[in-house]
Amino acid sequence: MARREPALRGNGWLRLPFWLTYLFLYAPIAVLVVMSFNRNKTPYSWGGFSLDWYGRLAENSSLRTGLVNTLIVALGSTALSTVLGTLLAVGLARHTRSRVLDALSTLPAILPDLVLAIGLLVFYSAIKMTLGLHSVLVAHTVFGMAFVTAVVRARLGHADTSLEEASQDLGATPYTTFIKVTLPTLAPGIVAGALLAFTLSLDEFVIAFFTHAPSQPTLPIVIYSMVRFGVTPEINALATLLLAVSFTVVIVAQRLTKLTEAL
Amino acid sequence: MNTLISIEGVSRRFGDVTALDSVSLDIRQGEFFALLGPSGCGKTTLLRILAGFEEPDAGSVRLDGADLLAVPAHRRPVNLMFQSYALFPHMSVEKNVAYGLEREKLPRQEIRRRVSEVLETVGLAAHARRRPHQLSGGQRQRVALARAIVKRPRLLLLDEPLSALDKKVRAEMQLELKRLQHDVGITFVVVTHDQEEAMSLADRIAVMQGGRVEQIDAPVALYDRPRTPFVADFIGANNLFAGTVSGGGLEVSGLGVLPAPTAGLPEGAQALLAVRPERVRLGQGTLTGTVVDVSFYGGVSHVALSVPGHGGHVLVATQGPARVETGTEIELGWDAADGVVIAADDAAVENGAPV
Amino acid sequence: MTPSPAGRRAAARVATLGPGFAFLTVFLLVPLALVLSYTVFRRGRFGGIVYEPTGENFARLADPLYLDVVLGSVRLAAVTTLLALLLGYPTAYMIARLPGRWKAIALVAVVLPFWTNFLIRTYAWIVLLNSQGPVNSGLEALGLGPVELLYTDGAIVAGLLYAYLPLMILPLYSAIERLDPQLREASANLGARPARTFWSVTLPLSLPGVLTGCVFVFVPSLGNFVIPELLGGGRRIMVGNLIRDQFLKARDWPFGSVLALAVIAVLVLLLFAQAWAGRRAGRNG
């Protein structure tokens with residue numbers, strides 16, 4: 001159990017910025033959630049509890065289309081980045097010592113999203129590729145892969161190479177070792193990496209903004225066009241729903257990694 | 001006994017570091033062999049070469065006369081018990097033990113029979129369905145051992161097998177390993193930095209240092225007749241005196257001529273004299289020293305004396321409580337036959353080590 | 001015939017590294033190379049590229065019009081970074097010294113808002129800072145308002161800070177957490193008061209974390225174009241907006257590429273500074 005350090009008593013003044021941070025982080029969210037249950041059309045005075053805005057939301061077809069598009073992109077890019085990223089992580093940890101390759105694998109995660117976005121836009125136009133969901137899917141795979149690689153590699157760093165050697169020692173071919181030992185021990189890292197790639201893709205706006213086809217917007221792009229027109233109570237309801245989803249995913253992921261770490 | 005493994009001129013470098021420098025040794029069928037040395041002496045590299053996880057830059061390794069280096073790790077009739085045990089955390093005890101047999105594509109019935117047999121042998125039949133993290137350190141080690149011997153390898157390698165266990169379990173496992181080796185009749189090679197472990201387990205020990213083999217001998221021979229200064233210093237406690245052969249003894253500057261078995265050495269030759277603490281007598285002898293420390297260890301006592309003209313302390317072991325007190329001036333000595341003389345020239349030539 | 005050990009290793013290397021790096025080469029390296037090459041070519045009359053080498057794209061960076069944009073965005077990004085540090089350091093310090101269970105909760109609570117949609121997080125500030133919004137109603141009740149809050153530089157800074165504060169706290173936390181508590185105890189034992197211990201021991205040793213956090217906040221702040229648009233009302237143009245406009249509106253790709261290169265240059269410079277500070281702290285420690 002962690003000890004309470006006596007020095008903590010002397011740092012009372014640190015509590016102010018500490019609580020200020022959490023107030024700053026959560027007050028805006030709280031306002032949105034409360035407003036989403038407000039009957040009033042003008043969103044700044046309380047007119048009683050209502051679920052009207054959630055009903056409106058359900059009827060909004062462009063949001064529905066956006067959601068479907070986003071799910072297609074997120075699922076596709078997650079699948080692709082999980083496979084490529086896991087292989088890459090194993091390769092980087094076990095089959096090369098190249099620092100250049102190492103740096104290259106993390107580059108998409110460090111690069112500002114705007115730079116990646118214009119790079120892909122320029123590239124797609126240079127090869128005269130028509131834009132659509134596929135162009136967003138590929139773009140999201142570029143950075144999703146970097147995150148999967150990083151997470152799985154962190155896991156590989158902890159994992160003992162002797163497990164793989166033990167498998168070989170007991171007569172397993174390199175392929176069997178990969179399937180029966182490497183992958184199962186990496187499973188928690190792979191799941192965490194995939195979840196990360198998925199949530200990042202769900203929320204990603206800038207790269208999608210540059211690489212999508214106007215006829216097939218993703219959810220963040222639909223939200224962007226709504227938000228640009230200023231305050232609409234519908235968005236409050238949408239925000240509350242998305243918050244609920246994100247919070248659930250994060251908390252489940254946290255539980256999951258705790259659970260698997262105990263393994 | 002027949003030679004099982006024959007290692008010849010094996011060298012391995014990692015960048016600037018020479019891990020193995022032309023190592024040659026034979027391991028006999030059915031023996032319990034130990035590779036002993038301080039960390040960085042190359043013993044682990046040699047072990048990993050035998051297992052197939054490292055390749056030597058030069059030299060050959062043969063098993064029953066056939067080239068072992070041409071065989072990939074997963075096809076070698078050699079199994080390793082890892083220092084960390086390397087038990088698969090996502091598999092139960094029985095799955096871990098069955099893993100190697102499944103790779104041989106044996107019939108299921110036979111796998112089940114052999115797994116339960118070996119778990120019986122190591123006393124873990126009741127824990128077959130547990131996961132590794134539900135076991136104690138000693139139990140984990142038994143699983144690791146079972147997993148390796150169930151394959152009935154020609155050679156079983158053990159990497160620091162007892163280092164992760166606490167003292168009591170260690171003594172237990174030590175006996176168990178010896179019994180097991182006797183029962184299954186597999187050749188064991190243990191790598192260790194712990195000389196007591198090596199001495200009590202092994203039939204023969206190779207003492208390694210700086211990538212070279214210093215001496216290969218049975219434990220008693222290693223203790224009684226060290227052939228290099230390193231072995232004399234590394235195995236057990238020793239009082240070491242460097243000097244020149246003179247008048248039937250060893251002339252050491254500052255101390256005079258000390259009794260030493262110098263027969264066969266030419267007058268004036270450089271040599272090292274090693275005298276075990278239990279061979280030194282207090283009360284009479286060629287040297288005079290002052291008692292600086294007395295420690296009582298139950299069965300024996302250690303007395304440290306400072307002798308004018310000698311750099312370090314002279315250590316003396318006596319049975320029972322010592323009958324001297326700190327500060328006392330006392331004579332000490334030994335019979336010439338109780339010392340061991342290591343000719344410095346030979347040692348220097350053989351080991352390149354300064355004396 | 002079994003393949004040689006070297007052959008087997010090469011096969012494993014290609015099987016694991018091949019697909020990923022092939023993908024990265026096509027969809028990351030080639031696009032970046034294209035952007036880089038566009039910086040030295042002329043723009044076409046109707047967008048597109050004319051492959052005639054020219055230096056004028058770089059020269060335009062010095063145009064007062066654009067220089068103002070660049071310096072203005074650097075200033076806003078710097079203010080954001082400074083505020084994030086002032087708020088983030090004490091928070092990270094407190095989190096690092098909380099007892100185990102609370103530490104985990106406090107950390108998750110820092111990250112949670114970060115995992116919600118970025119646009120919605122920004123939208124929340126439109127609601128908050130609106131002339132009829134809660135902040136202004138509060139000010140009005142105190143007889144201080146209404147004040148124009150939305151569509152100001154302050155609103156942009158608030159939005160950027162809200163978007164990137166967790167990126168400051170996390171590296172700070174891991175840097176402070178890693179410090180051996182015995183160092184602080186040793187300092188106290190040698191007679192230093194807590195403030196002295198902080199300035200002489202904790203802060204210097206957590207400097208790499210400070211720099212990492214600053215890079216993580218500064219660089220995306222510089223490149224963000226959504227927050228200046230939504231919270232700044234388009235009055236303040238930042239580098240991000242400029243880049244977006246060159247690519248999607250003005251279709252001046254060469255100049256847009258130059259601007260993107262400038263952002264990358266800043267990033268690389270800061271990363272080097274951070275690596276240098278990290279090595280220095282490592283040597284001292």
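Q: How much of residues 149-176 of chain C is helix and how much is strand, and how far apart are the end C-alpha atoms?
A: A stretch of chain may be read by its secondary structure and by the separation of its ends. In this predicted model, residues 149-176 of chain C are 86% helix and 0% strand, and their end C-alpha atoms lie 36 Å apart.

Q: Which residues of chain C does the UniProt annotation "transmembrane region" cover?
A: Such an annotation is taken from a record and may then be set beside the model. The unreviewed UniProt entry gives "transmembrane region" for residues 21-41, 69-92, 104-129, 149-176, 197-219 and 253-273 of chain C. One of these spans, 104-129, is 77% helix and 0% strand in the model, with 32 Å between its end C-alpha atoms.

Q: Which spans of chain A carry the annotation "transmembrane region"?
A: Again the record comes before the model. For chain A, the unreviewed UniProt entry lists residues 12-37, 71-92, 104-127, 133-152, 186-210 and 235-253. Within the model, residues 71-92 of chain A are 100% helix and 0% strand, and the end C-alpha atoms are 30 Å apart. Residues 133-152 of chain A are likewise 100% helix and 0% strand, with their end C-alpha atoms 27 Å apart.

Q: How many salt bridges does a search of the whole structure find?
A: A salt bridge is read from the distance between a side-chain nitrogen of Lys or Arg and a carboxyl oxygen of Asp or Glu, with a cut-off of 4 Å. Over all chains, the search finds 33 salt bridges.

Q: With which residue does B:Arg12 form a salt bridge?
A: The partner is B:Asp57, and the closest N and O atoms are 3.3 Å apart. This pair links distant parts of the chain, 45 residues apart: B:Arg12 belongs to strand β1 (residues 3-14) of chain B, and B:Asp57 to the loop between α1 (43-51) and β4 (58-63) of chain B. B:Arg12 counts as buried because its relative accessibility is 17%, and the limit for that class is under 20%. B:Asp57, at 48%, is partly exposed.

Q: Which residues are linked with B:Arg12 and B:Asp57 in a network of salt bridges?
A: A network is read by listing every linked residue together with its chain. Here A:Glu165, B:Arg48 and B:Glu54 are linked with B:Arg12 and B:Asp57.

Q: Which parts of chain C does the salt bridge between C:Asp252 and C:Arg43 tie together?
A: The closest N and O atoms of C:Asp252 and C:Arg43 are 4.0 Å apart. C:Asp252 lies in the loop between α12 (239-248) and α13 (253-284) of chain C, and C:Arg43 lies in strand β1 (residues 41-43) of chain C, so the bridge ties together parts 209 residues apart in sequence. C:Asp252 is buried, with 1% relative accessibility, whereas C:Arg43 is partly exposed at 35%.

Q: Where in chain C do C:Asp153 and C:Arg75 lie?
A: These residues form a salt bridge whose closest N and O atoms are 3.8 Å apart. C:Asp153 is in helix α7 (residues 153-178) and C:Arg75 in helix α3 (residues 64-96), 78 residues apart. C:Asp153 is partly exposed at 26%, and C:Arg75 is partly exposed at 46%.

Q: In what order do the 4 strands of the open sheet in chain B stand?
A: The order is β17-β16-β15-β18, with antiparallel pairing. β17 (313-319) and β18 (329-333) of chain B are at the edges; each has a single partner strand, so one side of each lacks a neighbour in the sheet. From one strand to the next, the twist averages 50°. Within chain B, strands β15 (residues 281-296) and β16 (residues 300-306) pair over 6 bridges, and B:Phe296 stands opposite B:Ser301 in β16(B).

Technical notes
Residues numbered from 1 in each chain as written. Chains lettered and ligands numbered in written order. Predicted model: local features only at pLDDT ≥ 70, side-chain atom pairs only at ≥ 80, totals over all residues. Heavy atoms only, no water. Helix = DSSP H or I, 4+ residues; strand = E, 2+ residues; numbered from the N terminus. Buried < 20%, exposed > 50% of the residue type's maximum accessible area, 1.4 Å probe, protein only. Pairing = 2+ DSSP bridges. Axes fitted to C-alpha atoms, helices over the stretch in contact; angles between N-to-C directions. UniProt positions renumbered as here; feature names shortened; annotations may be inferred.
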